[in-house]
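Thank you all for coming; I would like to walk through one model this morning, going from the overall fold to a few individual residues. Please keep the structure open while I talk.

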Amino acid sequence: MGIVRQLSFVLTLCVASLSAQTPERVIALQGETHHVQGVALVNGRFLVTSVERPAARGWLMEFDGDGNRLRQIQIHDAAMIHPGGFDIDETSIWIPVAEYRANSHSRIQRRSLETFELISSFDVPDHIGALALASDRIFLANWDARRIYEYSLDGKLIRLRDNPTPYRFQDLKFRYGTLIGSAPAAKGAAGGTVVWLDPETLLPAMEQSVGRTDRGVSLVQQGIDQRDGRIYLLPEDTPSRIFVYDVVRLTAAP
């Protein structure tokens, strides 16, 4: 497949660990965000998915760079009320929306980045909790990320693998030739880990330990994104905050 070779970037650490760092910025999101799932940064704005379990609703929300809410829509589909971690390309948002239980069923929605309107969808016979979009395929992690699927962009299964790591990813992104995931620690343990995975082997290429927020929530409890040398973490339900860390430098390979 050669995904890593398609993008000639090398990730170089600038600091030892996120757990010892003060965030560059903390952005409070306006209004009710329910149980947050994934986050993505696009053109200075934040997209967020969340589930409102008591009302059986799934949400896609948009905020400006200061956390002001711009718009939101409901994206649940019958019993599929749980939108998970998601990813974007230049024109679209790719979101898994699942039944709220393990070993269930999901629908992968492709929505317009401009209008949020549904463009297309396909079904997956499992609960998909996180999605990462490469140029020619989609990586899908099921409940607790015990299995990693790869699907073509038109919904055909390419391969299925067991997760070779103990990490239970909550959100995934495909950035700069690698998969980056948020992996909270077990309850009562340290915060968790940001993990960069080789997409060919699904083995860690780099790991960064993280701490907890001042509310005691793992910084990697839910959403993650990486853009332009910064990592964006969305760990907390309402009132939700995005924590911004300047921890990674992207250096063009020779």
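Predicted model: local features only at pLDDT ≥ 70, side-chain atom pairs only at ≥ 80, totals over all residues.

The secondary structure of this chain comes to one helix and 23 strands, where helices (H or I, at least four residues) and strands (E, at least two) are DSSP runs numbered from the N terminus. Residues are numbered from 1 along each chain as its sequence is written, and side-chain values use heavy atoms, with hydrogens and water left out.

On confidence, pLDDT being the predictor's own confidence in each residue on a scale from 0 to 100, the chain has a mean of 90, with 89% of its residues at 70 or more. Residues 1–16, however, have pLDDT below 50, and in the model this stretch has 49 contacts beyond near neighbours in sequence, a contact meaning heavy atoms within 4.5 Å. Over residues 249–254 the pLDDT again stays under 50, and there the model has 16 contacts beyond four places in sequence.

Of the 254 residues, 53% count as buried, which is to say under 20% relative accessible area, with exposed meaning over 50% and partly exposed lying in between (1.4 Å probe, protein chains only). Among contacts between residues at least 6 apart in sequence, 47% join residues at least 24 apart.

Let me turn to the interior. A nonpolar core here is a set of buried Ala, Val, Leu, Ile, Met, Phe, Trp, Tyr and Cys residues joined through side-chain atoms within 4.5 Å, and the largest such core has 16 residues, those with the most contacts inside it being Phe 139, Phe 169 and Leu 179. The elements that give two or more residues to this core are strands E12 (128–133), E13 (138–142), E16 (171–175), E17 and E18 (192–197). Apart from it lies another core, of 14 residues, among them Ile 27, Val 36, Val 48 and Phe 63.

Strand E17 covers residues 178–184 and has Thr 178 in it; Thr 178 counts as buried because its relative accessibility is 12%.

Which residues does Gln 222 touch, leaving aside its neighbours within four places in sequence? Gln 222 lies in the loop between strand E19 (204–210) and strand E20 (223–227), and it counts as buried because its relative accessibility is 5%. Its contacts are His 35, Val 36, Gln 37, Gln 170, Asp 171, Ser 182, Leu 234 and Pro 235.

Now the aromatic rings. Rings of Phe, Tyr and Trp (its six-membered ring) pair if their centres lie within 6.5 Å, with planes under 30 degrees apart counting as stacked, over 60 as edge-to-face and the rest as tilted; by this rule there are five aromatic pairs. Tyr 149 and Tyr 151 form a tilted pair, 6.2 Å centre to centre with 45° between the planes, and both residues are buried. The rings of Tyr 167 and Phe 169 have centres 5.9 Å apart and planes at 40°, so that pair is tilted, and both Tyr 167 and Phe 169 are buried. Ring pairs also link Phe 122, Tyr 149 and Tyr 151 into a cluster.

Finally, a charge sits over a ring if NZ of Lys or CZ of Arg is within 6 Å of the ring centre and within 35 degrees of the ring normal. The charged end of Arg 53 sits over the ring of Tyr 100, 4.2 Å from its centre, while Arg 71 lies over the face of Phe 116, at 3.7 Å from the ring centre.
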